[in-house]
Protein chains: 2
Amino acid sequence: MSKRVQVALLLTGNELMSGDTVDSNSSRIAHALAAHKIGVGKKITVGDDPQLLSDSLIELCANAEVVIINGGLGPTEDDLTADIVADVAGKALVDHPKAIEHLEAWCERRGLDLNPSNLKQALLPDGADLVANPIGSAVGFALEVNGALVMTTPGVPVELTAMLPEICDRVATRVGAGTAFIRRLQIFGIGESTIQELVNARSDDWPEGVTLGFRSGLPQLELKLQVDDAALLDNRDDAETLLNELIGDHILGNDDDQLAMAFQRALLEKKMSVTTAESCTGGLIASLITREAGSSQVFGSGFVTYSNTAKNSVLGVPEATLIKHGAVSEPVVLAMLSGALEKSGATIGIAVSGIAGPGGGSDDKPVGTVWMAWGTKDSHRAIRLQIPGSRERFQILVAAIGLDTMRRQVLDLPAIPHYIQRFIHRPS
Amino acid sequence: MSKRVQVALLLTGNELMSGDTVDSNSSRIAHALAAHKIGVGKKITVGDDPQLLSDSLIELCANAEVVIINGGLGPTEDDLTADIVADVAGKALVDHPKAIEHLEAWCERRGLDLNPSNLKQALLPDGADLVANPIGSAVGFALEVNGALVMTTPGVPVELTAMLPEICDRVATRVGAGTAFIRRLQIFGIGESTIQELVNARSDDWPEGVTLGFRSGLPQLELKLQVDDAALLDNRDDAETLLNELIGDHILGNDDDQLAMAFQRALLEKKMSVTTAESCTGGLIASLITREAGSSQVFGSGFVTYSNTAKNSVLGVPEATLIKHGAVSEPVVLAMLSGALEKSGATIGIAVSGIAGPGGGSDDKPVGTVWMAWGTKDSHRAIRLQIPGSRERFQILVAAIGLDTMRRQVLDLPAIPHYIQRFIHRPS
């Protein structure tokens, strides 16, 4: 009988309920299984409550082929996992000789005596099969429970990670491999509803068996192409081709690619280098560029000129220009850009000056106003934008737009796409 | 009838199952509810699968007084939440006038036209009550379903956070609230087990009714002082006084205070200003300083000198020094500091040069090596540290240590506390 869910996770521990611990173990398990093309269908998380634990285990065993329990394998009283599994399986807890061997070897390596707390960890449900823990004292085990394969794993991430290869092999043997094939694309400057509309308008061309999914973030959007039938795997390429046609200039790359990495690739391809002249972003653009490994190939120097004095002394913006037009103005960002290009010797650059807030706005230039200039010595432009939202959002978006405008220039893509139009200041 | 669980969470989204996204939203919800002394009893996480979603919702409604659903409120086809809730509640999906108003206002603020995808978000179960989303387009709602109060919330963290005060009030009204009085302190450079030991050693002086809690992050640690009995509220002051005595130089401030804000306050108090000369952190230190509102009072300019050429041309590090000692060396960071102080006119500064990795290491200077110089024209020092871990962790920790060493100098605190000692390179 095929069940609704291949693999379910039961995560235990009060710290997961209080919010003090973010659950990263289920990501580790899901990623390890994904490499075997096996998906996790359902997760239940409960505290150290025997009744909730056993109710949840019963429910998951009824609906999943494999249940992986994470946590509750330690030596203390709130470690309930072995008890609960034995209880639900209708087995007695018995001393497990191999588990005792494991604990003895573990203690010996550390020059410790085996104490009664440790020995509690060797009390396993009758018939349980050990899952090796090459690192820690916790004893993982596997047992058939109500028609499901139940495996227990420790909550300590490094121990869990060490046990995952064996766990994955056992899961793959049980369920057979091959479900979800997911390709992720990173997107900037277009929203999910717009993408959905563009795709809907071409629904005849959308390939069979490919599901489109989204995950929004700031500043990027992640788009996912999922295929459940291995025979239709190549259809992802067709979907990607269509997406390239529809929104190609917004696609940054695959997997976890960031805007700065897409920009770095573009610069390398064109043998160009970049500099930054930042006022209101205060070094964020340079920081995003240099967060990426390999950035020394495209970036030599950047300038954070927050004060007017610095704009003049560091980048050579004429004092008269600052006085006449103010720091947030077209002539100033153009002079900043020119100064940064000259001082750095880079081929392309960005200059931004704006009012991040919460203070510093005026009727004429409210909080959220930014002047941005970008380009090369011979080909550059400047625009005034109005970015709504908090100081944090302002800085994140200005930095992202700055990187994207340069990327567009390097790759000869449309310079001012719709998302930038939206932010352009229009005098009323 | 009292149910087994007060509040249950139903978390939806394929990205939560694939392991690509670590679920931090349930921590946000749990923390917000904890301030009302309300606990989360059970969490179920499933992908965008209608059957699994509705089975899970039915089960949670039977066992919990309140079910908070997170995710699946967007405009696209994989956003199933409203459908599922309507289906389980036996209600029709209808256009919700207030939701349409909300979407119209949201689009207007962004200069967008309301499109059919967006309008899908206004289709809510009949009888649903809006939960205000002050930031995003997603429409949260509340509805009685099978004896439970179901509330829906968006997956975008910033939108969820903005909605939590109303959500918590509604939950508290439903289940009855205790009140927890929590004061949060931000800590840097000391771990929770060390703090716990220091406090344990003074347990006689620890005030009645105050519970100490922790939440670890990178680079800061949050410490919580919780009082459940309002009559004992003043005891938090005594606890804070004792903590100041024990670990005062590690306490940055209250609430969400960041290291850079604590540093800004110190600079303002002493009427000082700061500059940065960054190689391996690539602008991150300047970016952290300027992320804080008010930074223009203490920061005029910073320099990102990633290449050797820039260290020479921008900061005046002698070419001979670079050639003789290499970019990652004491003479180079001292010359960078001196150049930055001179060019900026700031009173204190930081210079860092190191190997963030993954490439660029050598036997002599492996990945993770960093030279750091900080101080004023007349009083400065330099140290070589070895920071283990990824490129990202290296940059975060170097930037944080850089800010902290300057903060310590400005405030006359111990210059090299234990945590820095730990990282100091000791030639073997």
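Which residue with a positive phi follows α15(B)?

1. The residue is B:Asp412, with a phi near 55°. The model is predicted, so that local features need pLDDT of at least 70 and side-chain atom pairs count only at pLDDT 80 or more, while totals for chains, interfaces and linings use all residues. Residues are numbered from 1 along each chain as its sequence is written, and chains are lettered from A and ligands numbered from 1 in the order in which they are written.

2. Helix α15 of chain B comprises residues 391-410, 20 residues in total; helices are DSSP runs of H or I with at least four residues, strands are runs of E with at least two, and both are numbered from the N terminus. From first C-alpha to last, α15(B) reaches 29 Å, close to the 28 Å expected at 1.5 Å a residue (1.5 Å times one less than the number of residues). Because 16 of its 20 residues are buried, α15(B) is largely enclosed by the rest of the structure. A residue is buried if 20 or more other C-beta atoms, placed from the backbone, lie within 10 Å of its own, exposed if 12 or fewer, and partly exposed in between.

3. In chain A, helix α11 (residues 284-291) is mostly covered, with 7 of its 8 residues buried. Among them are A:Leu284, A:Ile285 and A:Leu288.

4. In strand β1 of chain B (residues 5-12) lies B:Thr12. B:Thr12 is buried, with 29 other C-beta atoms within 10 Å. Leaving aside residues up to four places away in sequence, its contacts include B:Val46, B:Leu53, B:Ile69 and B:Thr81 (C-beta atoms, placed from the backbone, within 7 Å). B:Asn70 is 58 residues from B:Thr12 in sequence, yet the two C-alpha atoms are 6.3 Å apart.

5. Helices α10 (residues 259-269) and α15 (residues 391-410) of chain A have axes that come within 9 Å and cross at roughly 25°. Axes are lines fitted to C-alpha atoms, for helices over the stretch in contact, and angles run from 0 to 180 degrees between N-to-C directions. α10(A) and α15(A) are therefore roughly parallel; angles under 35 degrees count as roughly parallel, over 145 as roughly antiparallel, 65 to 115 as roughly perpendicular and the rest as oblique. Residues of α10(A) including A:Phe263 and A:Leu267 meet residues of α15(A) including A:Leu403 and A:Met406.

6. Helices α3 (residues 50-63) and α4 (residues 81-89) of chain A pack at about 50°, with axes 10 Å apart, and are therefore oblique to each other.

Note on methods. Two residues are in contact if their C-beta atoms, placed from the backbone, lie within 7 Å.
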